[in-house]
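Dear colleague,

Please find below the structure that I am handing over to you. My notes on what was found in it follow directly after.

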Amino acid sequence: CIKTSILQHKFPNLENPLNCALSELFCIISKSFSLMGQSPSTAGTASELNRREISLSNRFISRSFPVVAPVGLNKEACLFEKFAGGRDYTSDLPDDCLAGIFQYLTSGERACCSLVCRRWRLVDGQSRHRLSLNAKAEILDFVPSLFVRFDSVTKLSLRCDRKSISINDDALILISIRCWNLTRLKLRGCREITDVGMTAIGKNCKGLKKLSCGSCMFGAKGMNAVLDNCTDLEELSVTRLRGVHDITELIGPGAAASSLKSVCLKELVNGLSFGPLLIGTKMLKTLKLIRCMGDWDKILETMGSTSTELTEIHLEKIQVSDVGLWGISNCLKLETLHIVKTPECSNFGLVSVAEHCKLLRKLHIDGWRTNRIGDEGLVSVAKHCPNLQELVLIGIYPTSLSLLALASNCQRLERLALCGIGTIGDAEIEFIAAKCVALKKLCIKGCPVSNTGIEALAWGCPNLVKIKVKKCRRVTGQVADWLRERRSSLAVNFDEGEIEPLDGSSSDVGAQESGMEFHPIVSQVTMADAPSSSNNRFTMFRTKFGFFAGRNLVPCAFRRWSNSDNITRSSM
């Protein structure tokens with residue numbers, strides 16, 4: 001139940017009658033929950049339900065609840081009857097106050113409350129701004145009545161599982177007419193929706209600010225219809241859009257060119273169709289390209305001169321080289337950069353970014369053990385990016401040279417993650433403990449560190465509040481317990497389990513805090529089979545992204561990495 005203090009804090013000037021109303025409110029909610037827990041045959045007759053609704057809808061009259069509360073509530077109900085004196089104090093609560101109380105309940109609890117009386121049902125429907133529906137085809141007949149009740153919905157989520165038939169264009173057109181004031185729309189697995197339905201969304205829901213669609217079948221025409229009509233659209237997220245069959249079906253910014261601020265493209269076969277959209281969006285601040293096929297160098301190079309407001313860029317498992325990073329380096333306001341499993345990016349591109357993007361605060365690098373990003377690039381980051389606060393390094397080989405530069409120049413570094421790095425040992429951890437005075441969170445995963453290095457953290461890093469050590473075979477549980485005793489304020493998360501894929505997914509410093517998820521790599525890496533020239537870039541890209549072509553159709557070009565470091569038999 002809701003605590004009285006929540007409402008008293010929000011409305012401190014209300015007198016004791018409010019306490020009476022709250023007590024009655026708690027009792028009614030409890031009884032409604034118990035009613036929902038009974039079988040239909042014991043829930044009460046229709047006449048009993050009608051009497052309850054009538055008694056609650058009138059003011060200052062005696063009321064009677066025919067519902068029998070569970071044994072644990074009998075004493076509470078008796079105390080309530082004595083305290084309330086048979087008076088319906090909930091009727092004194094304004095609708096806005098009742099709606100405010102409902103905001104603290106879960107969706108299921110609100111559904112139970114809506115069965116208490118007509119007034120509660122009405123207030124619940126009018127105060128619901130967020131609605132999530134199981135978007136099966138069967139809900140078509142219920143769409144009109146559903147949105148007559150919930151007429152204030154501004155955030156709508158429509159999801160359908162793979163085994164079911166989703167809603168079609170007819171249902172989406174009805175929804176667009178009823179919910180003309182939608183600001184957020186999420187579509188998941190709605191495979192029956194075509195360009196016709198999305199065109200209706202664009203024409204009827206012109207106030208849309210956020211659109212997210214995944215595993216849908218509409219194409220470029222439907223997407224362009226939304227972009228051409230929704231002048232306030234700020235966020236666009238597209239995942240596995242299967243209706244864009246040809247790269248020649250281009251998607252432009254339309255009327256959203258001046259309002260769109262965030263674009264996320266994920267797992268698109270023809271993702272380059274969104275090129276005109278990315279280039280034409282002048283106020284874009286966040287760009288995420290994740291597992292999208294095609295060569296992105298040209299688009300990123302062009303965006304460097306057109307999208308000057310970019311502050312956050314995520315590049316993960318896409319075909320991009322130093323040319324693309326050079327284009328990104330022209331975004332002088334860049335603060336967050338993720339370079340994850342892009343094997344053609346090297347020190348040259350990172351140096352270019354560091355020299356120009358001096359406001360960089362968060363940097364994530366997963367080198368995929370290609371050994372193309374190392375000390376040269378990190379030293380440049382340390383030299384030109386003094387505001388760096390978060391650094392995540394996975395599958396690369398920095399030495400004490402770059403660590404010295406980072407610790408000396410990046411005095412504001414607060415979060416550091418080192419995952420699957422064979423060159424990080426006790427000496428490097430001791431150096432970090434001595435020099436990184438601002439460090440608050442440290443994650444060490446799959447590195448050849450021993451108890452000696454971990455012990456150094458007992459005296460160094462005075463601001464450290466959390467440390468996570470995973471998959472480091474030479475670190476034992478005894479030193480973790482000792483560190484907890486030595487620094488009682490330090491949260492120590494230690495796991496000495498077997499080696500897992502070193503993708504940084506369990507790093508608090510890295511993926512989880514940034515909201516980005518690192519997925520296990522499909523193939524395994526070795527430098528021996530890597531393509532040596534830029535002419536083979538597309539072949540290399542298709543090899544690494546063989547999951548687009550089916551699991552056993554394209555052989556992996558990269559084989560198992562050697563056991564030179566202590567992370568043997570670990571998949572990248």
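Asparagine 347 belongs to helix H15, which covers residues 347-356. The model is a predicted one, and asparagine 347 is buried in it, because its relative accessibility of 14% falls under the 20% limit. Beyond its neighbours within four places in sequence, asparagine 347 is in contact with Arg372, Ile373, Gly374, Glu376 and Gly377. Asparagine 371 stands 24 residues away from asparagine 347 along the chain, and the C-alpha atoms of the two are 9.6 Å apart.

How many of the 10 residues of H15 are buried? Seven are, so the helix is largely enclosed by the rest of the structure. The buried residues of H15 are Asn347, Gly349, Leu350, Val351, Ser352, Val353 and Ala354. Their cover includes H14, E9, E10 and H16.

Helix H16, residues 375-384, is likewise mostly covered, with seven of its 10 residues buried. Those residues are Asp375, Gly377, Leu378, Ser380, Val381, Ala382 and His384. They pack against H15 and E10, and also against strand E11 (390-394) and helix H17 (400-409).

Cysteine 357 lies in the loop between H15 and strand E10 (362-366). Is cysteine 357 buried or exposed? Cysteine 357 is buried, because a relative accessible area of 0% is under the 20% limit. Leaving out neighbours within four places in sequence, cysteine 357 is in contact with Ile328, Ser329, Cys331, Leu334 and Cys385.

Serine 329, one of the contacts of cysteine 357, sits in the loop between helix H14 (322-328) and strand E9 (336-340). Serine 329 is also buried, with a relative accessible area of 0%. Its side chain has two polar partners to mention. A polar atom of that side chain lies 2.4 Å from the backbone oxygen of tryptophan 326. The side chain of serine 329 also makes a polar contact, at 3.2 Å, with the side chain of serine 352. Not counting residues up to four places away in sequence, serine 329 touches Ser352, Val353, His356 and Cys357. Of these, Ser352 and Val353 are among the buried residues of H15.

Turning to the chain as a whole, it has 572 residues, of which 53% count as buried. Its secondary structure comes to 22 helices and 15 strands. Among contacts with a separation of 6 or more, 76% join residues 24 or more positions apart. The chain exposes about 25400 Å², and 52% of this is supplied by carbon and sulfur atoms.

In soluble globular proteins, nonpolar side chains tend to be buried together. Here the largest nonpolar core has 120 residues, and those touching the most other members are Leu156, Leu158, Met223, Leu265, Leu278 and Trp296. A second, separate core holds nine residues, including Ala99, Cys117, Trp120 and Val123. Within the largest core, tryptophan 296 may be of interest to you. Apart from neighbours within four places in sequence, tryptophan 296 is in contact with Leu265, Gly271, Leu272, Leu278, Leu289, Ile318 and Gln319.

An unreviewed UniProt entry places the feature "domain: F-box" at residues 91-122. In the model, this span is 62% helix and 0% strand, and its end C-alpha atoms lie 14 Å apart.

Serine 132 is found in strand E1, residues 130-134. Serine 132 counts as exposed, because its relative accessibility of 52% is over the 50% limit. The C-alpha atoms of serine 132 and lysine 186 are separated by 9.1 Å, and the two residues are 54 residues apart along the chain.

Finally, a word on confidence. The mean pLDDT of the chain is 79, and 71% of its residues reach 70 or more. Over residues 1-11 the pLDDT stays under 50, and the model has 17 contacts for this stretch beyond four places in sequence. Residues 13-18 also have pLDDT below 50, with three contacts in the model beyond near neighbours in sequence.

With kind regards

Notes:
Residues are numbered from 1 along each chain as its sequence is written. This is a predicted model: local features need pLDDT of at least 70, side-chain atom pairs count only at pLDDT 80 or more; totals for chains, interfaces and linings use all residues. Side-chain values use heavy atoms; hydrogens and water are left out. UniProt positions are given in the numbering used here, feature names are shortened, and annotations may be inferred rather than shown by experiment. Helices (H or I, at least four residues) and strands (E, at least two) are DSSP runs, numbered from the N terminus. Buried means under 20% relative accessible area, exposed over 50%, partly exposed in between (1.4 Å probe, protein chains only). Contact means heavy atoms within 4.5 Å. Accessible areas come from the Shrake-Rupley method with a 1.4 Å probe; for residues, only the protein chains shown count as cover. A nonpolar core is a set of buried Ala, Val, Leu, Ile, Met, Phe, Trp, Tyr and Cys residues joined through side-chain atoms within 4.5 Å. pLDDT is the predictor's confidence in each residue, from 0 to 100. A polar contact is a pair of N or O atoms within 3.5 Å; within protein, one must be able to donate a hydrogen and the other to accept it, and residues adjacent in sequence count only if both atoms are side-chain atoms.
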